[in-house]
Amino acid sequence: MNTLFKHIHLRAGFLMLIMAMGMVPMLLSCQKTVVPPAKPPVNRVQLMTATGELATVEYTVAKIIKAKDCTWWKIGEKRVLFKCNAYLTAGVDMTQYDDSKTQINEAAHAIVVTLPKVKLMSCRIPFNEIRLVENEATGFRHEFSAHERQLLLRQGEQSIRADVDSGKYAILADAERNTRIFFERMLNRLGYKSVTIKFEK
């Protein structure tokens, strides 16, 4: 009886040893770190630039919008004056980025990237920050209506955009500088030692 138990015990131990030896490769394979294949340099740049609209600067502009109507054949005049804040953002639209214009020299760790031209992305005038300072009429004239005031606010926004295009505000120059700094730092982190950022004309 003791001999039978001894054989059973040895057989069970032998089976457990075989199972344990079979599980070693499995355990080692579970612990093995899977290294993903390195992405080609161009693909890394494409991933970095796939950001949609990239705003790199914001301006707050205090704007005064005023109008006066003193038509000569009408008795009296009317005038209106607003004060408001306009929030401007500028940057680059990366959906327009053309990766064929990117030049890479892997041996020299150098890259030249041509980005879309910087532009004004938004001009936002919050309604709660519009203050009606004056809206008066004399003689037989009527004050500016709500519709007329709305049209004047739209003209005010158009005036701000025209000022940006004319260079009155430095927002586009600041956006170009900030965008260049942003991409230079990102590309340096990717290992490029020589980075040149250009903008389309």
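Reader: Is strand E2 largely enclosed or exposed, and why?

Author: Start with burial. A residue counts as buried under 20% relative accessible area. In this predicted model, 13 of the 16 residues of strand E2 (residues 78-93) are buried, so the rest of the structure largely encloses the strand.

Reader: Which strand pairs with E2 over 16 bridges?

Author: Look for bridges between strands. Strand E1 (residues 53-69) is the partner, and the pairing is antiparallel.

Reader: How many bridges join E2 to strand E6?

Author: Six, and E2 and E6 (residues 131-137) run antiparallel. Here Lys83 stands opposite Arg131 in E6.

Reader: And which way does E2 run against strand E5, parallel or antiparallel?

Author: Antiparallel. Five bridges join E2 to E5 (residues 119-124). Pick out Gly91: its bridge partner in E5 is Lys119.

Reader: Now the rings. How many aromatic pairs does a search of the whole structure find?

Author: One. Phe182 and Phe183 form that pair, with 5.1 Å from centre to centre. To read the geometry, check the angle between the planes: over 60 degrees counts as edge-to-face. Here the angle is 85°, so the pair is edge-to-face.

Reader: Where does the charged end of Lys78 sit?

Author: Over a ring, that of Phe144. The distance to the ring centre is 4.7 Å.

Terms used. Residues numbered from 1 in each chain as written. Predicted model: local features only at pLDDT ≥ 70, side-chain atom pairs only at ≥ 80, totals over all residues. Heavy atoms only, no water. Buried < 20%, exposed > 50% of the residue type's maximum accessible area, 1.4 Å probe, protein only. Helix = DSSP H or I, 4+ residues; strand = E, 2+ residues; numbered from the N terminus. Pairing = 2+ DSSP bridges. Phe/Tyr/Trp six-rings, centres within 6.5 Å; stacked < 30°, edge-to-face > 60°. Lys NZ or Arg CZ within 6 Å of the ring centre and 35° of its normal.
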